[in-house]
Amino acid sequence: MATAQISLPLPVLPEGWSVPNDFKAIGTLSTPNQRNLEPVGPHFLAHARRKRHKRTFSEDERIQANENVKKVEEEDGDDISEPENELMLGRDAKDWKGQDHYAVLGLSKHRYRATDAQIKRAHRKKVLRHHPDKRAATGSSEDDSFFKCIQKAFEILTDPVKRRQYDSVDENANVDPPSKKAASKSPSAFYKLWGPVFESEARFSKTQPVPMLGNDKSTKEEVEEFYNFWFNFESWRSFEYQDEDVPDDNENRDQKRHVERKNNNARKKKKTEDTARLRQLVDDCLGGDERIKKFRKEARAGKDKKRLEREAEEKRVAEEAKKAKEEQEKLQKEKEEAEKAEKAEGKKAKEAAKNAAKKNKRVLKGSVKDANYLLPQGQEAGAKRIDEILGDVDAVLGKIDNEELASLAGKLGGLKLAEEVGGVWREEVKRLEGEGKLRTGEVRLLSS
(Lines give C-alpha, C1' and ligand atoms only; values in the text may rest on other atoms or scores of the structure.)
Protein backbone atom coordinates (compact mmCIF):
# COMPACT_ATOMS: atom_id res chain seq x y z
CA MET A 1 0.00 0.00 0.00
CA ALA A 2 1.53 3.36 -1.00
CA THR A 3 2.00 5.98 1.70
CA ALA A 4 0.90 9.55 1.04
CA GLN A 5 2.50 12.46 2.87
CA ILE A 6 0.47 15.68 3.19
CA SER A 7 1.94 19.03 4.30
CA LEU A 8 -0.45 21.51 5.84
CA PRO A 9 0.87 25.02 6.66
CA LEU A 10 0.03 26.44 10.06
CA PRO A 11 -1.92 29.67 10.28
CA VAL A 12 0.01 32.91 10.75
CA LEU A 13 0.10 34.01 14.35
CA PRO A 14 -1.33 37.42 15.14
CA GLU A 15 1.10 40.25 15.72
CA GLY A 16 2.16 40.63 19.32
CA TRP A 17 1.36 37.05 20.25
CA SER A 18 3.69 35.35 22.74
CA VAL A 19 3.79 31.83 24.11
CA PRO A 20 4.24 32.57 27.79
CA ASN A 21 1.43 35.08 27.94
CA ASP A 22 -1.11 33.99 25.32
CA PHE A 23 -0.81 30.16 24.98
CA LYS A 24 -3.10 28.06 27.07
CA ALA A 25 -3.46 24.30 26.57
CA ILE A 26 -7.08 23.12 26.66
CA GLY A 27 -6.45 19.50 25.80
CA THR A 28 -4.12 16.83 24.50
CA LEU A 29 -3.74 15.03 21.16
CA SER A 30 -4.99 11.48 20.95
CA THR A 31 -2.73 8.60 20.15
CA PRO A 32 -2.23 8.35 16.33
CA ASN A 33 -3.80 5.38 14.52
CA GLN A 34 -2.89 3.93 11.07
CA ARG A 35 -5.78 3.57 8.47
CA ASN A 36 -5.94 2.13 4.91
CA LEU A 37 -7.47 4.52 2.27
CA GLU A 38 -9.16 3.05 -0.85
CA PRO A 39 -9.99 5.01 -4.11
CA VAL A 40 -13.75 5.41 -4.80
CA GLY A 41 -16.14 7.49 -7.05
CA PRO A 42 -17.06 7.65 -10.77
CA HIS A 43 -13.62 8.62 -11.92
CA PHE A 44 -12.03 5.63 -10.15
CA LEU A 45 -14.76 3.36 -11.59
CA ALA A 46 -14.06 4.69 -15.09
CA HIS A 47 -10.34 4.09 -14.51
CA ALA A 48 -11.04 0.57 -13.29
CA ARG A 49 -13.36 -0.13 -16.26
CA ARG A 50 -10.70 1.00 -18.73
CA LYS A 51 -8.05 -1.10 -17.00
CA ARG A 52 -10.28 -4.13 -16.88
CA HIS A 53 -11.38 -4.00 -20.56
CA LYS A 54 -8.08 -2.55 -21.76
CA ARG A 55 -9.75 0.45 -23.44
CA THR A 56 -8.49 3.85 -24.32
CA PHE A 57 -10.29 6.99 -23.13
CA SER A 58 -12.01 7.51 -26.56
CA GLU A 59 -13.09 3.89 -26.86
CA ASP A 60 -14.60 3.88 -23.38
CA GLU A 61 -16.48 7.15 -24.00
CA ARG A 62 -17.93 5.83 -27.29
CA ILE A 63 -19.12 2.59 -25.71
CA GLN A 64 -20.61 4.41 -22.73
CA ALA A 65 -22.45 6.86 -25.03
CA ASN A 66 -24.02 3.98 -26.95
CA GLU A 67 -25.11 2.36 -23.70
CA ASN A 68 -26.65 5.65 -22.52
CA VAL A 69 -28.60 5.99 -25.79
CA LYS A 70 -29.85 2.44 -25.45
CA LYS A 71 -30.82 3.11 -21.84
CA VAL A 72 -32.75 6.27 -22.80
CA GLU A 73 -34.55 4.43 -25.60
CA GLU A 74 -35.57 1.65 -23.22
CA GLU A 75 -36.85 4.19 -20.69
CA ASP A 76 -38.83 6.16 -23.31
CA GLY A 77 -40.47 3.10 -24.82
CA ASP A 78 -42.03 3.08 -28.27
CA ASP A 79 -44.37 6.09 -27.94
CA ILE A 80 -41.73 8.45 -29.33
CA SER A 81 -39.66 5.97 -31.26
CA GLU A 82 -39.86 6.09 -35.06
CA PRO A 83 -37.46 4.82 -37.71
CA GLU A 84 -35.31 7.36 -39.54
CA ASN A 85 -35.02 7.14 -43.29
CA GLU A 86 -32.13 8.30 -45.44
CA LEU A 87 -34.16 11.12 -46.95
CA MET A 88 -34.77 12.63 -43.51
CA LEU A 89 -31.16 12.21 -42.40
CA GLY A 90 -29.99 13.95 -45.55
CA ARG A 91 -32.20 17.04 -45.18
CA ASP A 92 -30.69 20.46 -45.67
CA ALA A 93 -30.89 22.42 -42.42
CA LYS A 94 -31.38 25.65 -44.35
CA ASP A 95 -34.73 24.37 -45.64
CA TRP A 96 -36.16 24.25 -42.12
CA LYS A 97 -39.59 25.56 -43.16
CA GLY A 98 -40.10 22.58 -45.43
CA GLN A 99 -39.25 19.95 -42.85
CA ASP A 100 -41.75 18.01 -40.75
CA HIS A 101 -40.72 19.04 -37.24
CA TYR A 102 -42.73 16.30 -35.56
CA ALA A 103 -41.22 13.63 -37.83
CA VAL A 104 -37.71 14.95 -37.17
CA LEU A 105 -38.23 14.39 -33.44
CA GLY A 106 -40.02 11.08 -33.97
CA LEU A 107 -43.47 12.41 -32.95
CA SER A 108 -45.41 11.78 -36.18
CA LYS A 109 -48.05 9.77 -34.32
CA HIS A 110 -48.65 12.53 -31.79
CA ARG A 111 -48.18 15.76 -33.73
CA TYR A 112 -50.36 18.56 -32.24
CA ARG A 113 -51.32 16.22 -29.38
CA ALA A 114 -47.68 15.87 -28.24
CA THR A 115 -47.07 17.22 -24.76
CA ASP A 116 -44.11 19.38 -23.72
CA ALA A 117 -42.71 16.43 -21.78
CA GLN A 118 -42.86 14.17 -24.85
CA ILE A 119 -41.16 16.83 -26.99
CA LYS A 120 -38.32 17.20 -24.46
CA ARG A 121 -37.85 13.43 -24.17
CA ALA A 122 -37.86 13.04 -27.95
CA HIS A 123 -35.31 15.84 -28.30
CA ARG A 124 -33.05 14.28 -25.68
CA LYS A 125 -33.24 10.95 -27.44
CA LYS A 126 -32.37 12.47 -30.82
CA VAL A 127 -29.51 14.53 -29.38
CA LEU A 128 -27.96 11.48 -27.75
CA ARG A 129 -28.05 9.72 -31.07
CA HIS A 130 -27.05 12.52 -33.48
CA HIS A 131 -24.92 14.97 -31.51
CA PRO A 132 -21.81 15.84 -33.54
CA ASP A 133 -19.47 14.82 -30.70
CA LYS A 134 -21.28 11.51 -30.42
CA ARG A 135 -21.13 10.91 -34.18
CA ALA A 136 -17.45 11.82 -34.21
CA ALA A 137 -16.77 9.47 -31.32
CA THR A 138 -18.41 6.61 -33.20
CA GLY A 139 -16.39 7.39 -36.32
CA SER A 140 -19.48 8.29 -38.37
CA SER A 141 -18.99 10.45 -41.45
CA GLU A 142 -22.46 12.07 -41.06
CA ASP A 143 -22.31 15.86 -40.91
CA ASP A 144 -24.21 17.97 -38.38
CA SER A 145 -27.00 19.00 -40.83
CA PHE A 146 -29.60 16.68 -39.33
CA PHE A 147 -28.58 17.71 -35.83
CA LYS A 148 -29.37 21.30 -36.82
CA CYS A 149 -32.76 20.10 -38.09
CA ILE A 150 -33.35 18.53 -34.66
CA GLN A 151 -32.43 21.73 -32.89
CA LYS A 152 -34.66 23.79 -35.16
CA ALA A 153 -37.60 21.42 -34.65
CA PHE A 154 -37.09 21.63 -30.88
CA GLU A 155 -36.92 25.42 -31.06
CA ILE A 156 -40.21 25.61 -33.02
CA LEU A 157 -42.14 23.08 -30.97
CA THR A 158 -41.13 24.43 -27.56
CA ASP A 159 -42.16 27.99 -28.44
CA PRO A 160 -46.00 28.23 -28.00
CA VAL A 161 -46.39 30.96 -30.65
CA LYS A 162 -44.16 29.29 -33.25
CA ARG A 163 -45.67 25.88 -32.59
CA ARG A 164 -49.19 27.28 -33.06
CA GLN A 165 -48.12 28.82 -36.37
CA TYR A 166 -46.65 25.51 -37.51
CA ASP A 167 -49.68 23.49 -36.36
CA SER A 168 -51.83 25.89 -38.37
CA VAL A 169 -50.27 24.64 -41.62
CA ASP A 170 -49.41 21.07 -40.60
CA GLU A 171 -51.18 19.22 -43.41
CA ASN A 172 -49.81 15.88 -42.15
CA ALA A 173 -52.19 16.11 -39.17
CA ASN A 174 -55.26 16.37 -41.42
CA VAL A 175 -57.54 13.43 -42.08
CA ASP A 176 -58.82 13.20 -45.63
CA PRO A 177 -62.63 13.01 -45.93
CA PRO A 178 -63.96 9.65 -47.17
CA SER A 179 -65.54 9.13 -50.55
CA LYS A 180 -69.29 8.90 -50.82
CA LYS A 181 -69.03 5.25 -51.79
CA ALA A 182 -66.80 4.34 -48.83
CA ALA A 183 -68.97 6.21 -46.31
CA SER A 184 -72.16 4.50 -47.52
CA LYS A 185 -70.89 0.91 -47.36
CA SER A 186 -72.50 0.30 -43.98
CA PRO A 187 -74.37 2.32 -41.32
CA SER A 188 -71.28 2.35 -39.08
CA ALA A 189 -68.83 3.23 -41.88
CA PHE A 190 -70.16 6.80 -42.11
CA TYR A 191 -69.43 7.59 -38.45
CA LYS A 192 -66.17 5.61 -38.43
CA LEU A 193 -64.75 7.48 -41.44
CA TRP A 194 -66.18 10.98 -40.88
CA GLY A 195 -65.60 11.08 -37.11
CA PRO A 196 -61.77 11.38 -37.29
CA VAL A 197 -62.09 14.09 -39.97
CA PHE A 198 -63.96 16.41 -37.62
CA GLU A 199 -61.75 15.43 -34.67
CA SER A 200 -58.79 16.62 -36.73
CA GLU A 201 -60.48 19.85 -37.83
CA ALA A 202 -61.60 20.56 -34.25
CA ARG A 203 -58.06 21.55 -33.28
CA PHE A 204 -58.52 24.83 -35.17
CA SER A 205 -61.68 25.88 -33.30
CA LYS A 206 -61.63 29.03 -31.18
CA THR A 207 -64.45 27.52 -29.11
CA GLN A 208 -63.71 24.43 -27.06
CA PRO A 209 -64.98 21.78 -26.52
CA VAL A 210 -66.20 21.07 -30.03
CA PRO A 211 -69.37 18.98 -30.61
CA MET A 212 -68.51 15.74 -32.39
CA LEU A 213 -70.33 13.79 -35.11
CA GLY A 214 -71.86 11.24 -32.75
CA ASN A 215 -73.56 8.08 -34.01
CA ASP A 216 -76.91 6.75 -35.18
CA LYS A 217 -78.23 7.01 -31.59
CA SER A 218 -77.68 10.79 -31.45
CA THR A 219 -80.79 12.89 -30.86
CA LYS A 220 -82.10 15.46 -33.31
CA GLU A 221 -80.98 18.26 -30.97
CA GLU A 222 -77.42 16.87 -30.83
CA VAL A 223 -77.21 16.51 -34.62
CA GLU A 224 -78.58 20.03 -35.17
CA GLU A 225 -76.09 21.42 -32.62
CA PHE A 226 -73.23 19.66 -34.46
CA TYR A 227 -74.10 21.04 -37.90
CA ASN A 228 -74.98 24.51 -36.59
CA PHE A 229 -71.58 24.68 -34.90
CA TRP A 230 -69.64 23.58 -37.97
CA PHE A 231 -71.59 25.77 -40.39
CA ASN A 232 -70.67 28.73 -38.14
CA PHE A 233 -67.16 27.46 -37.39
CA GLU A 234 -64.69 30.08 -36.11
CA SER A 235 -61.13 29.02 -36.90
CA TRP A 236 -57.98 30.44 -35.34
CA ARG A 237 -55.91 29.18 -38.28
CA SER A 238 -53.31 31.60 -39.53
CA PHE A 239 -50.74 31.09 -42.21
CA GLU A 240 -47.81 33.18 -40.95
CA TYR A 241 -45.57 30.12 -41.03
CA GLN A 242 -45.72 30.12 -44.82
CA ASP A 243 -44.88 33.82 -45.10
CA GLU A 244 -42.09 34.94 -47.36
CA ASP A 245 -39.11 36.08 -45.32
CA VAL A 246 -39.14 39.84 -44.75
CA PRO A 247 -35.80 41.66 -45.32
CA ASP A 248 -34.31 42.68 -41.99
CA ASP A 249 -32.13 45.53 -43.20
CA ASN A 250 -33.12 49.16 -42.90
CA GLU A 251 -32.01 50.06 -46.41
CA ASN A 252 -34.86 48.20 -48.18
CA ARG A 253 -37.89 49.60 -46.36
CA ASP A 254 -40.00 49.72 -49.52
CA GLN A 255 -39.16 46.10 -50.27
CA LYS A 256 -39.99 45.18 -46.67
CA ARG A 257 -43.42 46.84 -46.86
CA HIS A 258 -44.05 45.17 -50.23
CA VAL A 259 -43.26 41.73 -48.81
CA GLU A 260 -45.46 42.38 -45.75
CA ARG A 261 -48.41 43.40 -47.96
CA LYS A 262 -47.81 40.35 -50.12
CA ASN A 263 -47.80 38.10 -47.05
CA ASN A 264 -51.02 39.66 -45.70
CA ASN A 265 -52.81 39.15 -49.02
CA ALA A 266 -51.58 35.57 -49.21
CA ARG A 267 -52.86 34.87 -45.68
CA LYS A 268 -56.31 36.29 -46.49
CA LYS A 269 -56.52 34.21 -49.65
CA LYS A 270 -55.50 31.03 -47.83
CA LYS A 271 -57.98 31.82 -45.05
CA THR A 272 -60.80 32.23 -47.59
CA GLU A 273 -59.85 29.01 -49.36
CA ASP A 274 -59.71 27.14 -46.06
CA THR A 275 -63.16 28.43 -45.04
CA ALA A 276 -64.59 27.29 -48.39
CA ARG A 277 -62.86 23.92 -48.00
CA LEU A 278 -64.33 23.38 -44.55
CA ARG A 279 -67.81 24.46 -45.70
CA GLN A 280 -67.67 21.98 -48.59
CA LEU A 281 -66.52 19.28 -46.18
CA VAL A 282 -69.51 19.92 -43.89
CA ASP A 283 -71.87 19.96 -46.89
CA ASP A 284 -70.54 16.59 -48.08
CA CYS A 285 -70.98 15.10 -44.60
CA LEU A 286 -74.49 16.52 -44.33
CA GLY A 287 -75.43 15.10 -47.73
CA GLY A 288 -74.54 11.56 -46.66
CA ASP A 289 -75.88 11.69 -43.10
CA GLU A 290 -78.74 9.21 -42.84
CA ARG A 291 -79.87 10.84 -39.58
CA ILE A 292 -80.72 14.04 -41.43
CA LYS A 293 -82.71 12.04 -43.97
CA LYS A 294 -84.52 10.27 -41.14
CA PHE A 295 -85.30 13.54 -39.32
CA ARG A 296 -86.54 15.14 -42.53
CA LYS A 297 -88.71 12.12 -43.26
CA GLU A 298 -90.17 12.28 -39.76
CA ALA A 299 -90.73 16.02 -40.17
CA ARG A 300 -92.45 15.48 -43.51
CA ALA A 301 -94.58 12.73 -41.98
CA GLY A 302 -95.55 15.07 -39.16
CA LYS A 303 -96.34 17.85 -41.62
CA ASP A 304 -98.32 15.44 -43.80
CA LYS A 305 -100.24 14.26 -40.75
CA LYS A 306 -101.04 17.82 -39.73
CA ARG A 307 -101.94 18.66 -43.32
CA LEU A 308 -104.25 15.64 -43.59
CA GLU A 309 -105.83 16.49 -40.24
CA ARG A 310 -106.26 20.10 -41.34
CA GLU A 311 -107.70 19.04 -44.70
CA ALA A 312 -110.05 16.57 -42.97
CA GLU A 313 -111.20 19.29 -40.59
CA GLU A 314 -111.68 21.73 -43.46
CA LYS A 315 -113.60 19.07 -45.37
CA ARG A 316 -115.78 18.33 -42.34
CA VAL A 317 -116.49 22.02 -41.81
CA ALA A 318 -117.20 22.48 -45.53
CA GLU A 319 -119.53 19.47 -45.56
CA GLU A 320 -121.34 20.74 -42.46
CA ALA A 321 -121.62 24.21 -44.00
CA LYS A 322 -122.85 22.68 -47.26
CA LYS A 323 -125.34 20.51 -45.40
CA ALA A 324 -126.55 23.50 -43.36
CA LYS A 325 -126.86 25.55 -46.54
CA GLU A 326 -128.77 22.79 -48.29
CA GLU A 327 -131.03 22.41 -45.26
CA GLN A 328 -131.59 26.15 -45.19
CA GLU A 329 -132.28 26.20 -48.91
CA LYS A 330 -134.66 23.28 -48.50
CA LEU A 331 -136.50 25.03 -45.69
CA GLN A 332 -136.58 28.24 -47.68
CA LYS A 333 -137.88 26.38 -50.71
CA GLU A 334 -140.53 24.61 -48.64
CA LYS A 335 -141.47 27.93 -47.09
CA GLU A 336 -141.71 29.58 -50.50
CA GLU A 337 -143.71 26.67 -51.85
CA ALA A 338 -146.00 26.81 -48.83
CA GLU A 339 -146.39 30.55 -49.24
CA LYS A 340 -146.99 30.06 -52.93
CA ALA A 341 -149.56 27.36 -52.27
CA GLU A 342 -151.12 29.48 -49.55
CA LYS A 343 -151.15 32.41 -51.87
CA ALA A 344 -152.70 30.25 -54.58
CA GLU A 345 -155.26 28.93 -52.14
CA GLY A 346 -155.98 32.44 -50.96
CA LYS A 347 -156.31 33.60 -54.50
CA LYS A 348 -158.54 30.65 -55.25
CA ALA A 349 -160.59 31.30 -52.14
CA LYS A 350 -160.71 34.95 -52.98
CA GLU A 351 -161.85 34.11 -56.47
CA ALA A 352 -164.42 31.71 -55.05
CA ALA A 353 -165.57 34.31 -52.56
CA LYS A 354 -165.72 36.87 -55.33
CA ASN A 355 -167.68 34.52 -57.52
CA ALA A 356 -169.92 33.63 -54.58
CA ALA A 357 -170.40 37.33 -53.88
CA LYS A 358 -171.35 37.93 -57.49
CA LYS A 359 -173.73 35.02 -57.38
CA ASN A 360 -175.23 36.18 -54.13
CA LYS A 361 -175.62 39.67 -55.50
CA ARG A 362 -177.39 38.25 -58.47
CA VAL A 363 -179.57 36.28 -56.04
CA LEU A 364 -180.38 39.41 -54.08
CA LYS A 365 -181.16 41.45 -57.21
CA GLY A 366 -183.05 38.51 -58.68
CA SER A 367 -185.12 38.18 -55.48
CA VAL A 368 -186.69 41.64 -55.95
CA LYS A 369 -187.18 40.95 -59.61
CA ASP A 370 -188.86 37.64 -58.93
CA ALA A 371 -191.04 39.36 -56.29
CA ASN A 372 -192.23 41.90 -58.91
CA TYR A 373 -190.03 44.56 -57.27
CA LEU A 374 -192.13 44.12 -54.09
CA LEU A 375 -195.40 45.08 -55.81
CA PRO A 376 -198.60 43.10 -55.51
CA GLN A 377 -199.15 40.34 -58.03
CA GLY A 378 -200.50 41.64 -61.33
CA GLN A 379 -199.25 45.19 -60.81
CA GLU A 380 -196.58 46.11 -63.27
CA ALA A 381 -193.45 47.89 -62.05
CA GLY A 382 -192.40 50.91 -63.94
CA ALA A 383 -188.85 51.97 -64.80
CA LYS A 384 -188.67 54.39 -61.92
CA ARG A 385 -189.81 51.68 -59.47
CA ILE A 386 -187.22 49.28 -60.83
CA ASP A 387 -184.40 51.86 -60.58
CA GLU A 388 -185.35 52.84 -57.05
CA ILE A 389 -185.63 49.21 -55.84
CA LEU A 390 -182.32 48.25 -57.45
CA GLY A 391 -180.78 51.43 -56.02
CA ASP A 392 -181.89 50.38 -52.54
CA VAL A 393 -180.50 46.90 -53.14
CA ASP A 394 -177.12 48.37 -54.18
CA ALA A 395 -177.13 50.59 -51.09
CA VAL A 396 -177.68 47.55 -48.86
CA LEU A 397 -175.01 45.56 -50.75
CA GLY A 398 -172.54 48.35 -50.11
CA LYS A 399 -173.05 48.07 -46.33
CA ILE A 400 -172.70 44.29 -45.84
CA ASP A 401 -169.74 41.91 -46.16
CA ASN A 402 -169.61 38.61 -47.99
CA GLU A 403 -170.70 36.56 -45.00
CA GLU A 404 -173.71 38.80 -44.42
CA LEU A 405 -174.30 38.73 -48.19
CA ALA A 406 -174.25 34.93 -48.19
CA SER A 407 -176.53 34.81 -45.16
CA LEU A 408 -178.97 37.21 -46.77
CA ALA A 409 -178.84 35.26 -50.06
CA GLY A 410 -179.59 32.12 -48.12
CA LYS A 411 -182.62 33.66 -46.57
CA LEU A 412 -183.91 34.92 -49.93
CA GLY A 413 -183.15 31.76 -51.82
CA GLY A 414 -186.34 30.13 -53.15
CA LEU A 415 -188.68 32.94 -52.08
CA LYS A 416 -191.02 34.29 -54.78
CA LEU A 417 -193.73 36.18 -53.00
CA ALA A 418 -193.45 39.90 -52.53
CA GLU A 419 -194.52 39.73 -48.88
CA GLU A 420 -191.91 37.07 -48.04
CA VAL A 421 -189.11 38.75 -49.97
CA GLY A 422 -190.09 42.16 -48.65
CA GLY A 423 -190.14 40.84 -45.09
CA VAL A 424 -186.54 39.57 -45.37
CA TRP A 425 -185.36 42.84 -46.81
CA ARG A 426 -187.09 44.86 -44.11
CA GLU A 427 -185.42 42.79 -41.38
CA GLU A 428 -182.01 43.28 -43.01
CA VAL A 429 -182.55 47.05 -43.41
CA LYS A 430 -183.71 47.27 -39.80
CA ARG A 431 -180.56 45.36 -38.64
CA LEU A 432 -178.26 47.65 -40.61
CA GLU A 433 -180.01 50.72 -39.29
CA GLY A 434 -179.72 49.34 -35.79
CA GLU A 435 -175.95 48.81 -36.27
CA GLY A 436 -175.67 52.31 -37.70
CA LYS A 437 -174.58 51.18 -41.10
CA LEU A 438 -177.66 52.73 -42.71
CA ARG A 439 -179.42 55.95 -41.87
CA THR A 440 -183.10 55.84 -41.25
CA GLY A 441 -184.93 56.52 -44.46
CA GLU A 442 -181.80 55.99 -46.55
CA VAL A 443 -183.39 52.85 -48.02
CA ARG A 444 -187.07 53.81 -48.38
CA LEU A 445 -188.64 51.12 -50.59
CA LEU A 446 -186.95 48.09 -48.91
CA SER A 447 -187.90 49.24 -45.43
CA SER A 448 -191.64 49.88 -46.11
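Biologist: Glu171, Glu201, Arg237, Asp274 and Arg277 are linked in a network of salt bridges. What makes a contact a salt bridge here?

Modeller: A side-chain nitrogen of Lys or Arg has to lie within 4 Å of a carboxyl oxygen of Asp or Glu. This is a predicted model, where local features need pLDDT of at least 70 and side-chain atom pairs count only at pLDDT 80 or more, while totals for chains, interfaces and linings use all residues. Residues are numbered from 1 along each chain as its sequence is written, and side-chain values use heavy atoms, leaving out hydrogens and water.

Biologist: Happy with that! How do you know that lysine 437 and glutamate 435 form a salt bridge?

Modeller: Their N to O distance is 3.5 Å, and the cut-off is 4 Å, so the pair counts.

Biologist: And why is lysine 437 called partly exposed?

Modeller: Its relative accessibility is 31%. Buried means under 20% relative accessible area, exposed over 50%, and partly exposed in between (1.4 Å probe, protein chains only), so 31% falls in the middle class.

Biologist: Then why does phenylalanine 23 count as exposed?

Modeller: Because phenylalanine 23 has 53% relative accessibility, it passes the exposed limit. With Leu13 and Trp17, Phe23 makes a nonpolar surface patch of about 320 Å². Such patches take residues with over 30% relative accessible area and no salt bridge, joining nonpolar side chains (Val, Leu, Ile, Met, Phe, Trp, Tyr) within 5 Å and like charges within 9 Å.

Biologist: Lastly, what separates glutamate 311 and arginine 307 in helix H14?

Modeller: About one helical turn, because they are four residues apart in helix H14 (residues 290–370).

Key. Accessible areas come from the Shrake-Rupley method with a 1.4 Å probe; for residues, only the protein chains shown count as cover. Helices (H or I, at least four residues) and strands (E, at least two) are DSSP runs, numbered from the N terminus.
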